[in-house]
Amino acid sequence: MSENQNQNHGQSPDPSRPTPQPDTIGTLGLIGTGMIGSALARLAVAAGLDVVLSNSRGPETLADLVGELGAHARAATPAEAARAGDLVVATIPLHAYQRLSPADLAGKVVIDTMNYYPERDDRVAELDAAELTSSELVQRHLAGSRVVKAFNNIDFRRLFTSARPAGAADRSALPLAGDDAEAKARVARLLDLIGYDAVDIGPLTESWRSEPGTSGYVLPYMAARPMGLDEEATRRWFFETPGAVLPADRVRELAATTDRAPAGGSSAAITDD
């Protein structure tokens, strides 16, 4: 699934929604611009935010995306994106989390979209033993930051196309988890700006409730897939089928009642963090 294919339709800027002020959320820094990161960048620009994009390959590789996003976007290094963002999104494969700079991200609210997929990330003993969650692992590494888990339980296509203005009858919600109430409030504000209600599912110790293998992971946001589709038909279905509405009460219920699955999952290609 190409990154250029995945974002042809979605939320348009809402002229009735005020532009965020610099003392709230004016700039979103992104470390990682895969499918989730690109979707978030498009939603943020549509909501009136500035975005600073970065990846591991260098700013010059982001020229096409920056050109598409326009004047509210610029490419930078991960260090520059970290320093520029009022909020910073870490949306890289979990096996690369130690590349995140604790110094550059000190004092920042860091949104962790990462999921643990052992077939991609290799085995992590502490995660396999459920001694901590993947977000606790990230928080331990970024000791001077406030980590909030979000955007990890929805596929990139539905993330973009299911965004709706505040008050819309068909607005969906996304869960978030974190240890700092003010940090979670700021991330909830970002969700609202880009088109989602927020459901606080607790501290980082409870962030497993939105991870792969749980009841609220990916599938509730998708319409039922018809049986018997070949590869090409499945691809068309994925990109063309609208998402299912998942309101806040249902997200809350799924998070509260889900069982903790064995660590890891096999859906890295669906969320593509």
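Residues are classed by relative accessible area, computed with a 1.4 Å probe on protein chains only: buried means under 20%, exposed over 50%, and partly exposed in between. The structure is a predicted model, in which local features need pLDDT of at least 70 and side-chain atom pairs count only at pLDDT 80 or more, whereas totals for chains, interfaces and linings use all residues. Residues are numbered from 1 along each chain as its sequence is written, and side-chain values use heavy atoms, with hydrogens and water left out. Helices (H or I, at least four residues) and strands (E, at least two) are DSSP runs, numbered from the N terminus.

The structure contains 17 salt bridges, a salt bridge being a side-chain nitrogen of Lys or Arg within 4 Å of a carboxyl oxygen of Asp or Glu. One of them joins Arg-123 and Asp-128, with an N to O distance of 2.8 Å. Arg-123 is exposed because its relative accessible area is 55%, whereas Asp-128, at 33%, counts as partly exposed. Asp-197 and Arg-171 form another salt bridge, in which the closest N and O atoms are 2.7 Å apart. This pair links distant parts of the chain, 26 residues apart: Asp-197 belongs to strand E8 (residues 197-200), and Arg-171 to the loop between helix H7 (156-161) and strand E7 (173-178). Asp-197 is partly exposed, with a relative accessible area of 30%, while Arg-171 is buried, with a value of 5%.

Asp-104 is partly exposed, with a relative accessible area of 23%. Helix H3 also contains Ala-79, which is partly exposed at a relative accessible area of 21%. The C-alpha atoms of Ala-79 and Leu-105 are separated by 8.2 Å, the two residues being 26 residues apart along the chain. Glu-60 occupies the loop between strand E2 (50-54) and helix H2 (63-69) and counts as exposed because its relative accessibility is 58%. Its C-alpha atom is 7.5 Å from that of Ala-75, 15 residues apart along the chain.

Nonpolar cores were defined as sets of buried Ala, Val, Leu, Ile, Met, Phe, Trp, Tyr and Cys residues joined through side-chain atoms within 4.5 Å. The largest nonpolar core has 58 residues, and those with the most contacts inside it are Val-51, Leu-53, Phe-151, Leu-159 and Leu-190. Helix H1 (residues 35-46) supplies the largest share of this core, eight residues. Another core, of 20 residues, lies apart from the largest one and includes Ile-31, Leu-105, Met-114 and Tyr-116. With contact taken as heavy atoms within 4.5 Å, and neighbours within four places in sequence left aside, the partners of Phe-151 include Ile-36, Leu-40, Ile-111, Leu-159 and Leu-190.

In helix H6 (residues 134-141), the buried residues are Ser-134, Ser-135, Leu-137, Val-138 and Gln-139. Their cover includes E5, helix H5 (125-128) and E6. In helix H9 (residues 231-240), Ala-233, Thr-234, Trp-237, Phe-238 and Phe-239 are buried, and the buried residues of H9 pack against H7. The N-terminal end of H9 is capped by Asp-230, a side-chain oxygen of which lies 3.3 Å from the backbone nitrogen of Glu-232. Asp-155, in the loop between strand E6 (146-149) and H7, counts as buried because its relative accessibility is 0%. The side chain of Asp-155 reaches the backbone nitrogen of Arg-157 at 3.0 Å.

Cavities were identified on a 1 Å grid over the protein atoms alone, as sets of points where a 1.4 Å probe fits but cannot get out; lining residues have an atom within 4 Å of a point. Grid points are joined across faces, edges and corners, and a volume is the space filled by probe spheres set on the points. Two cavities of 30 Å³ or more are present, and the largest cavity holds about 50 Å³ of space. Among the residues lining the largest cavity are Asn-153, Pro-175, Arg-209, Tyr-221 and Leu-254. Helix H10 (residues 248-257) contributes the largest share of this lining, three residues.

Conventions:
A polar contact is a pair of N or O atoms within 3.5 Å; within protein, one must be able to donate a hydrogen and the other to accept it, and residues adjacent in sequence count only if both atoms are side-chain atoms. On a 1 Å grid over the protein atoms alone, a cavity is a set of points where a 1.4 Å probe fits but cannot get out, and a pocket is an open set with protein on both sides within 12 Å along at least five of seven lines; lining residues have an atom within 4 Å of a point.
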